[in-house]
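Subject: Structure handover

Hello,

Here is the structure I said I would pass on. My notes on what was found in it follow below.

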Amino acid sequence: SPPTFGFTLDARVPVAQVDVALPGNHAVEWTLDSRAHADAPWTPRVARWVAFGVGEAGRTTRSPPRVLPRVTRDAHWRLRAASPVPDAPV
C-alpha cells in the first residue's frame with residue numbers, strides 16, 4: 001500500500017495552503033485529507049497533485065505550495081503518496 005503520513009496540529013489554526021518537502025531529488029504524487037477530531041471521518045482536501053524538488057550544486061528548485069480550495073481549521077491531516085518516498089515528508 002502507498003505510504004501514509006499523519007500530522008496533528010497543536011491548535012485548529014486556519015490552513016490555506018500546504019507544502020511538502022522531501023530530501024534529495026523527487027517528484028511524488030500526493031493526496032491530502034483532514035478531519036477536525038481523531039475519530040471523525042476523513043474529508044478529501046486535495047486529490048492528486050505532484051510536489052517535486054530538484055537540486056544540483058547546492059541550488060534547489062521546488063514545487064510551489066498547494067493552495068487549498070478553501071481555508072480549513074482541522075487539526076488532523078493525512079498525506080498519502082502514490083509511490084514510495086525516500087523519507088518522511090515535512
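Please keep in mind that this is a predicted model. I start with the sheet, then go through the salt bridges, and end with a surface patch and a few single residues.

The sheet

Five strands make up an open sheet, in the order β1-β7-β3-β4-β5, with antiparallel pairing. The edges are β1 (4-8) and β5, each of which pairs on one side only. On average, neighbouring strands of this sheet are turned by 25° against each other, direction ignored.

β3 and β7 are antiparallel and share six bridges; here Ser34 has Trp77 in β7 as its bridge partner. β4 and β5 pair in the antiparallel sense over four bridges, where Val54 stands opposite Thr61 in β5.

β4 and β5 also form a hairpin with two residues between the strands, and in this hairpin Ala57 takes a positive phi near 55°. Arg48 has a positive phi near 55° as well, although it is a residue other than glycine. Arg48 is found in strand β4.

The salt bridges

How many salt bridges does the model have? The count comes to five. The general idea is that side chains of opposite charge can pair when their charged atoms come close.

One of them joins the side chains of Asp19 and Arg62, with 3.2 Å from N to O. This pair links distant parts of the chain: Asp19 is in the loop between β2 (15-18) and β3 (26-35), while Arg62 is in strand β5 (residues 59-62), 43 residues apart. Asp19 counts as partly exposed, because its relative accessibility is 37%. Arg62 is partly exposed too, since its relative accessible area is 37%.

Another salt bridge is formed by Arg48 and Glu29, whose closest N and O atoms are 3.6 Å apart. Here too distant parts of the chain are linked, with Arg48 in strand β4 and Glu29 in strand β3, 19 residues apart. Are the two partners buried, partly exposed or exposed? Arg48 has 62% relative accessibility and therefore counts as exposed, whereas Glu29, at 28%, counts as partly exposed.

A further salt bridge connects Arg78 with Asp33, and the closest N and O atoms are 2.9 Å apart. Arg78 lies in strand β7 (residues 76-81) and Asp33 in strand β3, so that this pair, 45 residues apart, again links distant parts of the chain. Salt bridges that share partners join Asp33, Arg78 and Arg80 into one network. Asp33 has a relative accessible area of 3%, and because the cut-off for buried is under 20%, Asp33 counts as buried.

Which residues make the nonpolar surface patch? They are Val50, Phe52 and Val54, and the patch is about 240 Å². Val50 is placed in strand β4 (residues 43-56). With a relative accessible area of 46%, Val50 is partly exposed. In general, the side chains of a regular strand alternate between the two faces of the sheet.

Val54 comes up again in the surroundings of Thr60. Thr60 lies in strand β5 and is exposed, because its relative accessible area is 57%. Apart from neighbours within four places in sequence, Thr60 is in contact with Val54 and Gly55. Thr60 and Gly24 are 36 residues apart in sequence, and their C-alpha atoms are 9.1 Å apart in space.

In short

Regards

Note on methods: Residues numbered from 1 in each chain as written. Predicted model: local features only at pLDDT ≥ 70, side-chain atom pairs only at ≥ 80, totals over all residues. Heavy atoms only, no water. Patch = residues over 30% accessible without salt bridge, like charges linked within 9 Å, V, L, I, M, F, W, Y side chains within 5 Å. Areas by Shrake-Rupley, 256 points an atom, 1.4 Å probe, with all protein chains shown as cover. Salt bridge = Lys/Arg side-chain N within 4 Å of Asp/Glu carboxyl O. Buried < 20%, exposed > 50% of the residue type's maximum accessible area, 1.4 Å probe, protein only. Pairing = 2+ DSSP bridges. Axes fitted to C-alpha atoms, helices over the stretch in contact; angles between N-to-C directions. Contact = heavy atoms within 4.5 Å.
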